[in-house]
Structure formats: C-alpha cells, structure tokens
Amino acid sequence: MKTPAIPSFVPEHLNNVTNATILKIVYKNPGISRNEIARISGYSSATITRIIESLLKEDMVEEKGHRSLPKGRPRKSLFFKGHNKYAIGIDLGTTYIRGVLANLEMDVYKEIEVVTEAHKSPEYVFDKVCDVVEKLRNTTLVDNTKIMGVGLAIAGIVNTSTGIVEYSPAFNWRNINARELLSKKIGLPHLFDNVSRVMAFGELKFGKGEEYNDFIMINVGFGIGAGIVLNKKLFYGTDGMAGEFGHIPVCGDGLEKCTCGKNTCLTAYASGEAIAKRAVRKIKSGKKSKLVDLCEGNFQAIDAKMVAEAYSMNDSVAIETFRESTEYLGSSIAGLVNVFNPQAIFIGGGVSLNGPAFWNNMEKSVNSHVFNHRSTKLNLLPATYLDKAAIYGSVGLILDEVINFKLPGKQKKDS
Ligand SMILES: [Zn+2]
C-alpha cells in the first residue's frame, strides 16, 4: 500500500514516525537509493533528503559507494547501520539461562550459560539473569555504551504491556512482575516475551523465516509451545495466549501429567521431559533397553538426548518411545497446518536436535495426518538457529525497537 505524500515540512512530533518509516524501508531494502525510497514511501525528494540527513547524523544509516545503473547517473546506496550497535539476548529456560552479546547484524561477541535453578524463588532466578546481563555488558570487546537494550525469552504466558509473567507452569510461577525484578538491577532498556514467540520473531528477523509471510515456529524442549507469524507479524490472540500449543489436548494414554496438571496435554506426551519419562516407564514395566547401561542405573539421568542415542543403537524401547511421542507431536502439527495453512513450519528447541529419531518419525506423522488436497509439500524445517533460536530472537526484540525508533531513550517502557 502506498503511503500518501506529505509536505516537506514535518511537525516535530511526527519526526520519529517518519524517520522510523524511512529507516524500516532502508532496513528491508539494503542498498536502496534515495530515489527508490521516495518512490516506495510516497514522500517528496526534499523530505527524503531531510530524513536521510537526520538518520545519517543519528548514525542509524550509512551511505556507501556508487552503484552503477544500466542507465542514468550512478547513485549512492543506503544501509541500516547495525554493526556498531549492540544488544544482549537472554533465553531464560528452566534448565539454563543462556545469554549473548551481539550487534544488530547478529554477529556474536560473547556468550554465557549458567544453570537456572528454577526450583528457587523468582527473585533468585531474576537476580541470576541480571548477573548474566552484567557479565555480558562488562566487556572491552565492543563499545558498551552502544548496548541498546536487553531482550529476554521467558517460558510462560507473558503480558508484554504490564511486564508480568501471568502463568508459567514450567517455572511454577503465577503473576510474577518480571519487569520490576529486572528494573531493579538492569540499567538498560529491556523487553521480553514468551519464548516460542521470541523464537518465531528471531526466525522472521534473522533466519529463513524472512522468506515467508505466514509460518509457525514450534518449540520442542522441556515444554512445547508455538509462535505464530501471520503476514510477517506475531499473532498474540485476545489475551496473549496464542501459541500455547503444548497444552492442546491429545487422545493419549494419560500416563504422564503436563506441568499444568492435566494429563491430556501434548506436552505430557511429546516434550523432552515426556520422552524421558515414557522411556523410563517402559523400562520399569520390564522391557529390556540399552538405556539402563547408558544411564548407569540412574534413571533420573535419562533425557531425550540419551533416548535418541539409544535409538541410534537400534534400542527397541527408544524406537517405541520416539515413534509414540513424534506421532502425538506430528498429528498435532498436522492440526495446526490444517487450521492455519502456513507456508512453513519451523521446529526448534532441544528435542529437535535429536536427528533422525525425531525428524524421520515426526515428518512421517505430519504427512500422514495433514489434510492436503493439492499434495503440495509442506515446508517442515529446522529452526535456522536451532537451540539458539530464542537468544537470537531476544536480540531481534531490541533490533525491532531500534528500527521503530523507540530506542535509544525513546521507548515508553523501562529505561
Ligand atoms: Zn498442560
């Protein structure tokens, strides 16, 4: 849709809006010329000149070289200047807190991983998050005055307006004021969202998701969730609960309980934790398995990765476990495909790293359940950044604020 032309003079209060509009055009079209921007935006050449000068002055864009055209005069090319601005991305998982310091072009300078200790209080966990941020910030690798903010991915239902984690079965949290806990110690702007949504956002900003308008990111880790992207935007639903894919009911055997307490949720059948529990249950029922040797008799040490290792050794318990769990997952994904008709499904999270044990079975299950009268091949793809999708997406949260001219110092939230 073409933006209507506006006069060369733009009132001060509209400056950020128009600057953000032009900055977004430059970001989406690296190497674009001023004339092309004028054509796309519908703004006059004089307005574009003024805005570009302002963006150059604010160090948001750079103008490079001369690009020869088949006809006419050579032109200069404009680029978003993300390489000298930085963000800290944090994936707050129930097992590990992972963090990176990266520039806004996703070159990573520093990485930290610490154990979460999720059983301790929310205050303790968020203190740990703040420590990780401080360690990442305390560096001579980059100009740390140019760290624009901190993005976080949190497992749970996150209200992005209030900054409250309303419910997180994985952490056993209800109504935790994450913004307040973070504001006490992080002296940088910070933003957070549900982990699966952040993963989808990262895929959209930095990954293969850029190629698609509509896609769904499925996160299969300790729990299961989904981030839905429709027309290149995250879909939140009325109460921000869209994507709670792990809690859709499946017709299973009801042997394990979900973290939310129900025994009908997909998470209870197909998450990393469920895979481990279901394998242990089979062994305890008397089935022979190489897992007994692999875990050296300590069943608590069994995780999805170990079950996948046993799978590669042709272990019958591991084969049965993965076949069952991926059947639950695959049939549920087929349901999503039938409802949303997306261009692609991306799958990330720790369980998706388990090679053929996961992918072969899951693809088979999806394809056998999906309703597809055209027989077109569904793009069922691994998340571009695999188990780091959430951290990269967290950096993407800050990138988005910068491109929308809400950072630095202009956003309404914490600073
Ligand atoms: Zn549940």
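Helices (H or I, at least four residues) and strands (E, at least two) are DSSP runs, numbered from the N terminus. The structure described is a predicted model, in which local features need pLDDT of at least 70 and side-chain atom pairs count only at pLDDT 80 or more, while totals for chains, interfaces and linings use all residues. Residues are numbered from 1 along each chain as its sequence is written.

The secondary structure of the chain comprises 13 helices and 15 strands. With a radius of gyration of 24 Å, close to the 22 Å given by the globule rule for 415 residues, the chain is as compact as a globular protein of that length; the radius is taken over C-alpha atoms, and the rule is 2.2 Å times the number of residues to the power 0.38. The C-alpha trace spans about 80 × 55 × 40 Å along its principal axes. Of the 415 residues, 44% count as buried, that is, 20 or more other C-beta atoms lie within 10 Å of the residue's own, against 12 or fewer for exposed and a value in between for partly exposed, with C-beta atoms placed from the backbone. Two residues are in contact if their C-beta atoms, placed from the backbone, lie within 7 Å. Among contacts between residues at least 6 apart in sequence, 63% join residues at least 24 apart.

The domain assignment gives domain 1 (12-80), domain 2 (86-202 + 390-403) and domain 3 (211-383), with bounds from an automatic or database assignment. Between domain 1 and domain 3, the C-alpha centres are 45 Å apart.

An open sheet of 5 strands has the order β13-β12-β11-β14-β15 and mixed pairing, where two strands pair if DSSP finds at least two bridges between them. Its edge strands, β13 (233-234) and β15 (379-382), each pair on one side only. Strand β11 runs parallel to β14 (residues 344-348), to which it is joined by 5 bridges. Helix α11 (residues 316-340) packs on the sheet and touches β11 and β14, its direction making about 160 degrees with that of β11; axes are lines fitted to C-alpha atoms, for helices over the stretch in contact, and angles run from 0 to 180 degrees between N-to-C directions. I218 stands opposite I347 in β14.

K208 lies in the loop between α6 (195-206) and β11 (215-220). This residue counts as partly exposed because it has 17 C-beta neighbours inside 10 Å. Apart from neighbours within four places in sequence, K208 contacts E203, L381 and T384. The C-alpha atoms of K208 and A383 are 8.2 Å apart in space, although the two residues are 175 residues apart in sequence.
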